[in-house]
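Please walk through this model with me, one element at a time, and keep the structure open while reading.

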Amino acid sequence: MTVLGVVGAGTMGAGIAQLGAAAGMRTLLHDPVPEALDKGTEAARRGLLKWIEKGRTEPQAPELLEAVSSLDELAPCELVIEAAPERGELKRDLFGALSVLCGDDVVLATNTSSIPVTSLASAAARPENVVGMHFFNPPPLMPLLEVIRADQTSDEVLELAKRVGAAMGKEVIVAADGPGFLVNRCGRPFNGEGLRLLQERVATHEQIDRICRLGGGFRMGPFELMDLVGIDVGFEVAKSFNELSFGEPRWRPNPIQARMVAAGRLGRKTGRGYYEYADDGSYRPDDPEPPGVGGGDGMPIALLGTGPIADGLREVARAAGYELREGTPAELVVDADLDWDTPLPGGAPVIRLCAAASLAEQGMYGAVGFHVLPPLEEARLVELTRLPSTQSFACEAAERFFANLGFLTEWVEDAPGLVLGRIVSQLVNEAAFAIGEGVGSPEDVDTGLTLGLSHPRGPVAWSEAIGVDHVLAVLDGLGEERREERYRAAPLLRRAATLGRSLRD
Ligand SMILES: NC(=O)c1ccc[n+]([C@@H]2O[C@H](COP(=O)([O-])OP(=O)(O)OC[C@H]3O[C@@H](n4cnc5c(N)ncnc54)[C@H](O)[C@@H]3O)[C@@H](O)[C@H]2O)c1
């Protein structure tokens with residue numbers, strides 16, 4: 001039986017100790033602050049009793065858990081997981097002391113979320129015995145464990161961390177050391193691109209959140225999420241990414257975060273962040289239900305283009321009662337092609353996909369722009385955009401068309417990919433960079449984002465639903481129109497698009 005030590009009995013440590021005892025390991029929990037040790041041990045015990053009631057663990061599990069008030073008492077441990085405060089010097093001191101106390105063979109794991117594990121490993125007597133075990137909050141409930149391989153970590157120690165994680169009932173993924181490891185790195189564009197869209201005033205924070213929920217199936221949009229986590233916490237994370245990467249443009253913190261922190265609007269905990277929180281915690285209206293499908297009444301429309309958006313729209317348009325035609329005469333032209341050079345039939349309002357370029361860049365001065373994220377069966381909202389020259393009858397025709405297809409609509413400003421297409425393209429791009437740089441496998445990226453961040457699907461699965469060519473078109477469109485390195489496509493993504501292959505190949 002492995003003897004497990006857990007250092008730090010706070011939110012994470014208490015949960016990890018519960019998992020250790022539940023997995024049948026003798027578990028010694030330490031915290032130098034007596035009240036914290038009592039509170040953490042009590043929380044872990046309560047958790048174990050609940051699990052015994054539910055039959056999820058053995059009745060003797062609570063006996064395996066011991067609170068120890070001095071670090072010396074961790075001497076018999078074969079594995080120690082530290083969940084002490086997020087300060088590099090403190091963690092390095094702990095690893096130095098534990099190497100002496102427990103002997104050279106002890107395996108030392110860190111639950112750090114942002115400090116390079118490689119820099120902590122060098123403080124241990126045997127750096128090859130150090131590994132990251134990144135649990136998610138709350139550890140007893142979150143199904144994921146991200147095991148981080150420091151530059152020095154040995155294969156045996158990596159395997160041990162994976163085995164222990166599996167014994168604790170976790171789905172284990174492996175990440176190379178680096179800013180945010182795998183999950184937090186690949187999840188970054190959700191907030192980062194959300195902030196950029198707000199900064200450019202493509203949409204308000206309420207709209208961006210609604211679009212993510214209804215258009216993409218995310219449980220929360222980036223701004224409600226940032227409010228929940230704490231805007232100050234998010235800003236610190238952003239600054240740490242910036243520092244560790246020596247200023248990677250995709251990871252630059254946003255001045256909006258700095259202003260929110262300076263104003264003391266830190267999110268839920270201060271009652272105000274991007275949203276204002278009522279005493280009962282409420283901050284936004286419930287989302288509306290999408291309209292029913294129908295009302296096409298045999299109206300002839302030209303639906304152009306190939307790919308999942310065009311195909312999906314054709315299917316719903318037929319179900320809604322429209323008559324689909326290849327070209328004129330049609331009363332409405334819906335062009336869902338990525339390629340925007342093809343001339344369109346005249347004489348009817350035009351609804352044009354805004355992916356590879358904004359409506360303005362496409363020279364579509366009278367058209368309505370749209371974007372929706374496939375698979376269409378899961379999307380409940382379509383984004384629309386217009387130029388000052390777009391006439392209101394075209395706007396009304398677009399609203400009516402998508403309502404008949406069963407979609408809610410949201411008007412936003414003109415940009416390649418509009419809101420959701422841009423956020424998801426950057427999620428896919430970050431994943432492609434991470435996979436290309438050997439941070440993790442495509443399967444682990446998707447597992448990490450779905451189980452660790454509750455995304456409705458992983459970025460690799462998104463890229464397959466949307467098509468890598470579509471993702472690349474949005475990024476190249478943004479690159480062209482914004483002239484920022486931030487939108488450069490990952491080499492792996494460009495190669496996948498050129499070869500017509502998936503990011504998995
Ligand atoms: N909270 C999260 O969502 C989360 C998620 C993943 C990882 N983490 C990481 O887990 C670690 C712990 O975070 P937390 O949220 O549990 O913090 P916390 O503040 O709840 O707990 C930290 C505990 O460490 C104790 N402590 C203080 N000095 C210590 C020392 N010298 N040696 C040992 N323990 C000491 C404190 O008394 C406290 O009980 C951090 O590295 C954090 O980055 C946190």
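Strand S7 is largely enclosed by the rest of the structure, because 5 of its 6 residues are buried, where buried means under 20% relative accessible area, exposed means over 50%, and partly exposed lies in between, with a 1.4 Å probe and only protein chains considered. The strand spans residues 144-149; strands here are DSSP runs of E with at least two residues, helices are runs of H or I with at least four residues, and both are numbered from the N terminus. This is a predicted model, in which local features need pLDDT of at least 70 and side-chain atom pairs count only at pLDDT 80 or more, while totals for chains, interfaces and linings use all residues. Residues are numbered from 1 along each chain as its sequence is written, and side-chain values use heavy atoms, with hydrogens and water left out.

On one side, S7 is joined to S6 by 4 bridges, and these two strands run antiparallel; Met 133 stands opposite Val 147 in S7. S7 is also joined to S8, by 6 bridges and in the parallel sense, with Leu 145 opposite Val 172 in S8. Two strands are taken as paired if DSSP finds at least two bridges between them. Strands of a sheet pair through backbone hydrogen bonds, either parallel or antiparallel.

These pairings belong to an open sheet of 8 strands with mixed pairing, ordered S3-S2-S1-S4-S5-S6-S7-S8. Its edges are strand S3 (65-68) and strand S8 (171-176), each of which pairs on one side only. From one strand to the next the twist averages 25°, the axes being lines fitted to C-alpha atoms (for helices, over the stretch in contact) and the angles running from 0 to 180 degrees between N-to-C directions. Elsewhere in this sheet, strand S1 (residues 3-7) and strand S2 (residues 26-30) run parallel and are joined by 5 bridges, with Val 7 opposite His 30 in S2. Helix H3 (residues 88-102) packs on the sheet, where it touches S1, strand S4 (79-82), strand S5 (107-110) and strand S6 (130-135), and its direction makes about 160° with that of S5; contact means heavy atoms within 4.5 Å. Helix H14 (residues 442-453) lies across S7 and S8, running at about 120° to S8.

A further open sheet has 7 strands, again with mixed pairing, in the order S10-S9-S11-S12-S13-S14-S15. Strand S10 (323-325) and strand S15 (408-411) are the edge strands, each pairing on one side only, and the twist averages 30° from one strand to the next. Strand S9 (residues 300-304) pairs with strand S11 (residues 332-335) in the parallel sense over 4 bridges, and Ala 302 stands opposite Val 333 in S11. Helix H7 (residues 205-216) packs on this sheet, touching strand S14 (381-386) and S15, and its direction makes about 150° with that of S15. Helix H11 (residues 308-319) lies across S9, S10, S11, strand S12 (350-353) and strand S13 (368-371), and runs at about 160° to S9.

Is Glu 193 buried or exposed? Glu 193, which has its place in helix H6 (residues 183-199), is buried, with a relative accessible area of 1%. Not counting residues up to four places away in sequence, Glu 193 touches Arg 422, Ile 423, Gln 426, Arg 486 and Tyr 487.

The cysteines come next. With a disulfide taken as a pair of cysteine sulfur atoms within 2.5 Å, the count comes to 0 disulfides. Cys 102 is in no disulfide, the nearest cysteine sulfur being that of Cys 77 at 5.6 Å, and Cys 102 is buried, with a relative accessible area of 15%. The sulfur of Cys 212 is 17 Å from the closest cysteine sulfur, in Cys 186, which is too far for a bond; Cys 212 is buried as well, at a relative accessible area of 0%.

Finally, the whole chain: it holds 17 helices and 15 strands. Its radius of gyration is 26 Å, close to the 23 Å that the globule rule gives for 505 residues, so the chain is as compact as a globular protein of that length; the radius is taken over C-alpha atoms, and the rule is 2.2 Å times the number of residues to the power 0.38. Buried residues make up 55% of the 505 residues.
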